[in-house]
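Let us go through how to read a few features of a model, one at a time.

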Amino acid sequence: MVIALAGNPNVGKSVVFQALTGRYGEVSNFPGTTVSLSRGRMGSQVVVDTPGIYGLSRFTAEEGVAVEALRSADIIVNVVDARHLPRDLFLTLQLKELGRPLLVVLNMMDEIRRDHVYLNADGLQAALGVPVLKASAVRGEGIPELRRLLSGSGWAPPAPPAFWEELPPAVRHLDAMDRLLWREEDATLVGTLGSGPVPGQQEVVYTHRRRAADDLARRFFQLTGVTKWPERIDRVLMNPWTGLVVVAGLLFGLYESVGVLIADRLVSSAELALQSTWVPAVETTLAHVVTPGSFIFRLLAGEYGLLTNTVTYLLGLLLPLVTGFYLLLAVLEDSGYLPRLATLLDGWFLRLGLNGRAVIPLVLGFGCVTMATLTTRILSGERERKIATVLLAWTIPCSAQMGVITGLLAGLGSTYAVVFALTVLTLFVGVGTVLDRTLAGDPVPLLLDLPPLRLPRPINVFHKTRQQVTGFLREAAPLFLLGNLVIESGKLTGWLGWLERALSPLMTVWLRLPAGAASAFILGFIRRDFGTVALYQADLAPHQILTGAVTLTLFVPCMASTLVLFREQGVKSGLGIWLGSIALALLTGGMVARLAP
Amino acid sequence: MRLSEVGRGRRVAVVNVADPRLRPQAARLGIQAGALLLIKVVVPHGPVVVQTGPVTVAVGRRLAAGIEVREAGLIVPPPT
C-alpha cells in the first residue's frame, strides 16, 4: 500500500510525514521546500511526501513531480491548512475526482482561534463525503487518529467520478490521473494523444470547481476578525524604502555574525588550536607506522592530508561557517520572510528575465547551490529555470565558500568586501540582463501566495540546520579525500607540476597570482570552497586575495551541483553553462587583477 | 478599472483575468471573476498584494494590469 500526502504548499505536509514515519522531511515557511519526493515507512505501508501544489496539473516542473507520485498512490491524504480552507478546497475537490480513497486532514487547528477562523469540520465531512480529521501536526494532535484510520481496512474504492461517463471512448484506456488531466486540457497529454477535449474546457472545469470550493467554504468556514500586526509588518517589509533597509540590515547582520564573529574570531582560534595540537600529534603518531614522506603518509598527513588538514578545514574552518549560514537561512525560511522579499524584488527581477519567485532558489543558493538548482523547479517556465540556473552556477557562492571568502575579506577591511560584493552583483545583473535580452520569450508575471508571518520555531530551525550541516559533512568529507588524492597523485606522478607550469602564464600574467594557485583551481573543480580554502594558506597580498576570491566565486560549481546541473538542464546546455563559468571567471579575474584598488 | 490602478485599503471585485496563461493558476488561489479582493500593499513598479478570504497573494504588476476589477465598497459576504 502506498499512502501519498498531497496538499497546497506550506500546509504542514512534511510535519505530518515526519509524525507518520519518524523521518524528518524539510520544513520551512515558503512554497517549494519539497521539490523532490521523500519516502518513509509506517508499518508495512509506504508513505510518500509530495511537493506542495495548488492543483493537479503540470504548470511547473514541481507539479509534474507531484502528479507522478499521486498517480500510483493507493490512499491519498490531503493535508489542508485549516486557516486557508477556501484556497485548499480547490485541490481537495480535484483529488476527489481521481476516484481514489481520500482522507482530509485539517491541519493547524491550534492556530485557527488566534487567526479568528470559525470552522465546521463535521459539516465539511458530510458535504465532502470523505473522512475529515482535525489535527495539529506540530503538536502531534490528531496523528494517532490518522494512523488508526490509515492502518484500518474499510478503504472501499469510492464511486467513480461522474465525468468518466462522459469521456470519449478514445481516452477510456487512460488511468485515473490521465483522465483527469486530459479533461483539463493538460498540454503534454493532449499533445501525445493528438486530441483534446473541447477547447476552453479547462477554464469551464476550473471555474466550476472554484465556485464549488467557495460555496463549501461559505457554508463551513468563516473569518470572524482580523489581526492587525502582520499587516503592519508586511507593509514595512514590502515598502521599497523600509524593505531595502531590512535587506541591508540582514546583510550587515550576516557579515557581522558569520564574517566577523564566526570567521574572524571563532574560526581563527579553532583553526589555530587544531593546527598547533591535533596536526603535530597525528604527524608524530603516524610517523611510527608509515614512513614520513611516502605517498600514503602524504595522503594521510600531507598538505591536504585526510587526518590532518581535512580535519582542520572541515571541523575548524568550514563547519562553524556553514553552521552559521544555515542557521541564519533557517530563521529566514521559517519566518515567511522570503516570499515578502520576492514581492519586494519582483520589479527588479523582471529586468533579469525572472519574476520575484526566483528569489527563493537564489537565496537558497547562498546555502547550497546544488539544492537551489533543484529548487528552480518551482519556477514557472523553462526560460526562467535556465536563467536562474545560470545565475546560480556562475554568480552565487554557496555557504561554505561564502564563509571562507567572508573570512578572507574580513581580515582585509571593508573596502575589499565592498569591491567583491559589487563585482559579483554587477555580474549577476549583467548576466541576467543579457540572458533576458537573448533568450526568446517573456518572464511570466508573479503570482505568489504569501504564507502568514510567524516567529521561527526553534525546533524547526534546529532540525533544518542539523540536517543541512550533516548533509554538508557527509558530502564534503569524501570529496576532500578525492581532492587530496588527485593533488597528491598529481605531485607523485608529476602531472601537477606540469599543469602548474602550463597554467602559470594564466595564473601569473593574467590573474597576477602565484603559479601555485593553480592547485586551488584544481581543487575548485571538486568543491569551490576547497579552492577558496587553498587561498587561505597561500600567503597572498590583499589584492591577490580579492582576485582569487572573485575568480573562484565565478568558477565552475562544485561536482555535486555540476551533476545536478547536467541532470536538470541536459548535457548540451549543462556543458555550455559549465564552460561558460570558466570563461567568465577568468575574464573577470583578470580584470579585477588590473582594475581593483 | 485595472487591479494595478487601485490604491491600498480599497475593496474590489474581479470582473475578468486577461492573461489566459495565468487564469487557471489565479483561479486556484481564489482570484477569478466575482472574487472579492482587499488591496493590502502596493509595491511601486512592483506587485499588488491582495487578500482574498484568508489568503494573501502577491500579483505581479503586468498580471495586475490585465485584471479588470470594479469597486466593491464594503460588500460583506452573505452570512452563513
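Q: Why does A:Ala534 count as buried?

A: Buried means under 20% relative accessible area, exposed over 50% and partly exposed in between, with a 1.4 Å probe and protein chains only. A:Ala534 has 7% relative accessibility and therefore counts as buried. This is a predicted model, in which local features need pLDDT of at least 70, side-chain atom pairs count only at pLDDT 80 or more, and totals for chains, interfaces and linings use all residues. Residues are numbered from 1 along each chain as its sequence is written, and side-chain values use heavy atoms, leaving out hydrogens and water.

Q: Which residues is A:Ala534 in contact with, leaving aside neighbours within four places in sequence?

A: Contact means heavy atoms within 4.5 Å. For A:Ala534 the partners are A:Tyr304, A:Ala520 and A:Leu523. A:Ala534 itself belongs to helix α22 (residues 528-536) of chain A; helices (H or I, at least four residues) and strands (E, at least two) are DSSP runs, numbered from the N terminus.

Q: What is the strand order in the open sheet of six strands?

A: Two strands pair if DSSP finds at least two bridges between them. In chain A the order is β2-β3-β1-β4-β5-β7, with mixed pairing. Strands β2 (38-42) and β7 (132-134) of chain A each have a single partner strand, so one side of each lacks a neighbour in the sheet.

Q: In which sense do β4 and β5 of chain A pair?

A: Strand β4 (residues 75-81) and strand β5 (residues 102-107) of chain A pair in the parallel sense, over six bridges. A:Val79 has A:Val105 as its bridge partner in β5(A).

Notes:
Chains are lettered from A and ligands numbered from 1 in the order in which they are written.
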